[in-house]
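Please brief me on this structure.

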Amino acid sequence: MTTPQHSPRAFFPAENGELLIGGMPVSRLAARVGQTPFYVYDHAALAARVAALRAVLPDTLHLHYAIKANPMPAVVGALAQLVDGLDVASGRELRVALDTGMTPEEISFAGPGKSAGELEQAVAAGVLINIESAREVRLLAEIQARTGWQARVAVRVNPDFDLKSSGMKMGGGPKQFGVDAEAVPALLAEIKQQQLGFEGFHLFAGSQNLRAEAIAEAQRKSFELCLRLAQDAPTPVKSLNLGGGFGIPYFPGEQALDLAPIGANLAELVAQASTRLPGAHLTIELGRYLVGEAGVYICRVLDRKVSRGHTYLITDGGLHHHLSASGNFGQVIRKNYPVLVANRMDREADENVSVVGPLCTPLDLLADRMNLPHAEPGDLIAVLQSGAYGFSASPRDFLSHPQPLEVLV
């Protein structure tokens with residue numbers, strides 16, 4: 001049986017045996033950064049991904065970046081120049097979003113556990129708050145009455161369906177996210193009574209999906225659900241955020257998402273909205289899809305070790321920097337991310353090795369029994385698909401090793 005291969009690299013060509021990131025050979029880039037390990041994000045790759053989306057999405061659809069995927073300020077600032085809005089999940093992310101100069105009208109705030117301080121911060125900033133419980137309505141009403149600042153709100157809905165084949169289900173059944181669809185009418189009545197500034201709905205059914213038909217189906221169901229809920233809205237719907245869920249290929253055998261049917265489906269929904277939700281704009285909110293393939297994690301081989309016939313490449317990176325690549329961030333069965341010997345791109349993958357980090361745990365594994373070119377101490381290892389949920393989602397203080405850096409090129 002043929003072993004499935006990783007999907008072809010979307011970005012980062014090779015030249016003279018070296019991976020090029022931001023047009024620079026990886027060995028020179030490492031010298032410029034001044035240390036390994038580090039994360040590097042390619043500005044041109046970010047722009048290319050947004051351009052590819054714009055080419056298939058309807059012109060009037062709003063494209064937002066979900067900062068949770070990668071909150072590095074330079075990355076957020078770069079994307080703020082390319083997208084229509086930003087979505088945040090904490091007060092700290094809100095400060096990063098506001099620092100980009102993005103207009104508050106195009107910033108939204110979601111999360112099931114917003115503190116009273118974060119809610120006041122959001123009202124003061126004038127951003128749209130996605131309400132996720134009756135508690136938030138009460139707190140926002142108190143803030144509005146005390147300060148005189150109008151609270152702009154939408155209702156995040158926990159739908160009665162999920163996104164089929166998604167890597168992580170964010171809606172359907174019991175969930176900590178949003179308000180159950182059947183409880184939304186009562187919440188809308190409370191929003192009206194408290195005179196909050198209602199603007200629309202937000203749905204997010206799931207994430208990391210590579211099936212275009214499943215994403216399109218969830219978008220259609222989300223749209224129809226919002227049409228039903230709009231009948232109880234205190235004012236006409238101004239905005240409808242259909243969430244995201246667009247996946248990227250991480251593992252052998254996975255293929256890139258086909259955008260064409262998604263774009264066609266969204267064009268149909270936008271056309272329907274012009275008559276069924278007049279005056280409303282539709283939004284999709286993407287995180288991983290915008291940044292995931294634009295980032296690379298680079299670490300250096302410290303030692304080459306053979307144990308009972310198997311070769312280990314021991315590096316200065318590992319799970320403390322890149323938890324998801326180690327397989328400890330939600331994988332049920334561990335699979336290898338695309339891993340390269342970045343300064344030996346012109347060599348054949350002629351040996352089966354495991355790439356590990358310096359930590360005293362067998363969980364510290366970046367590549368398990370993977371065919372790679374022969375590597376020696378000093379060589380550079382690249383982990384692709386590392387632009388989302390890498391640096392910020394990892395236990396970087398675990399065992400107190402040095403911190404990685406982040407750069408945008």
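The notes below cover helix packing first, then a pocket and the cavities.

This is a predicted model, in which local features need pLDDT of at least 70, side-chain atom pairs count only at pLDDT 80 or more, and totals for chains, interfaces and linings use all residues. Residues are numbered from 1 along each chain as its sequence is written, and side-chain values use heavy atoms, with hydrogens and water left out.

**Terms for helix packing**

- Helices (H or I, at least four residues) and strands (E, at least two) are DSSP runs, numbered from the N terminus.
- Axes are lines fitted to C-alpha atoms, for helices over the stretch in contact, and angles run from 0 to 180 degrees between N-to-C directions.
- Angles under 35 degrees count as roughly parallel, over 145 as roughly antiparallel, 65 to 115 as roughly perpendicular and the rest as oblique.

**H8 and H9**

- The axes of H8 and H9 come within 9 Å and cross at roughly 10°.
- H8 and H9 are therefore roughly parallel to each other.
- On the H8 side, the contact (heavy atoms within 4.5 Å) involves Ala212, Ile215, Ala216, Gln219, Arg220, Phe223, Glu224 and Leu227.
- H9 meets them with Pro261, Ile262, Asn265, Leu266, Leu269, Gln272, Ala273 and Arg276.
- By class, the contact of H8 with H9 has ten nonpolar, three polar and three charged residues; Ala, Val, Leu, Ile, Met, Phe, Trp, Tyr, Cys and Pro count as nonpolar, Asp, Glu, Lys and Arg as charged, and the others, Gly among them, as polar.
- Gln272 lies in helix H9 (residues 259–276).
- Leaving out residues up to four places away in sequence, Gln272 touches Phe223, Glu224 and Leu277.

**H5 and H6**

- Helix H5 (residues 116–125) and helix H6 (residues 134–147) have axes that come within 10 Å and cross at roughly 55°.
- That makes H5 oblique to H6.
- H5 brings Ala116, Leu119, Glu120 and Val123 to the contact.
- H6 brings Arg135, Glu136, Leu139, Leu140, Ile143, Arg146 and Thr147.
- The contact of H5 with H6 divides into six nonpolar, one polar and four charged residues.

**H2 and H3**

- The axes of helix H2 (residues 43–56) and helix H3 (residues 73–80) come within 10 Å and cross at roughly 40°.
- That makes H2 oblique to H3.
- His43, Leu46 and Val50 of H2 contact Val75, Ala78 and Leu79 of H3.
- Five of these residues are nonpolar, one is polar and none is charged.

**Second largest pocket**

- A pocket is an open set of points on a 1 Å grid over the protein atoms alone, with protein on both sides within 12 Å along at least five of seven lines; a cavity is a set where a 1.4 Å probe fits but cannot get out; lining residues have an atom within 4 Å of a point.
- The second largest pocket holds about 790 Å³ of space.
- It has 34 lining residues, and Gln5, His6, Val339, Met370 and Asn371 are the closest to its centre.
- Strand E18 (339–341) and strand E20 (365–372) each supply at least two lining residues.
- E20 gives the most, with five residues.
- The lining has 19 nonpolar, eight polar and seven charged residues.

**Cavities**

- There are two cavities of 30 Å³ or more.
- The largest cavity has a volume of about 80 Å³.
- Ten residues line the largest cavity, and Ala205, Ala218, Gln219, Leu242 and Gly244 lie nearest its centre.
- Helix H8 (residues 212–230) gives the most to this lining, with four residues.
- Six lining residues of the largest cavity are nonpolar, four are polar and none is charged.

Note on methods: Points joined across faces, edges and corners; volume = space filled by probe spheres on them.
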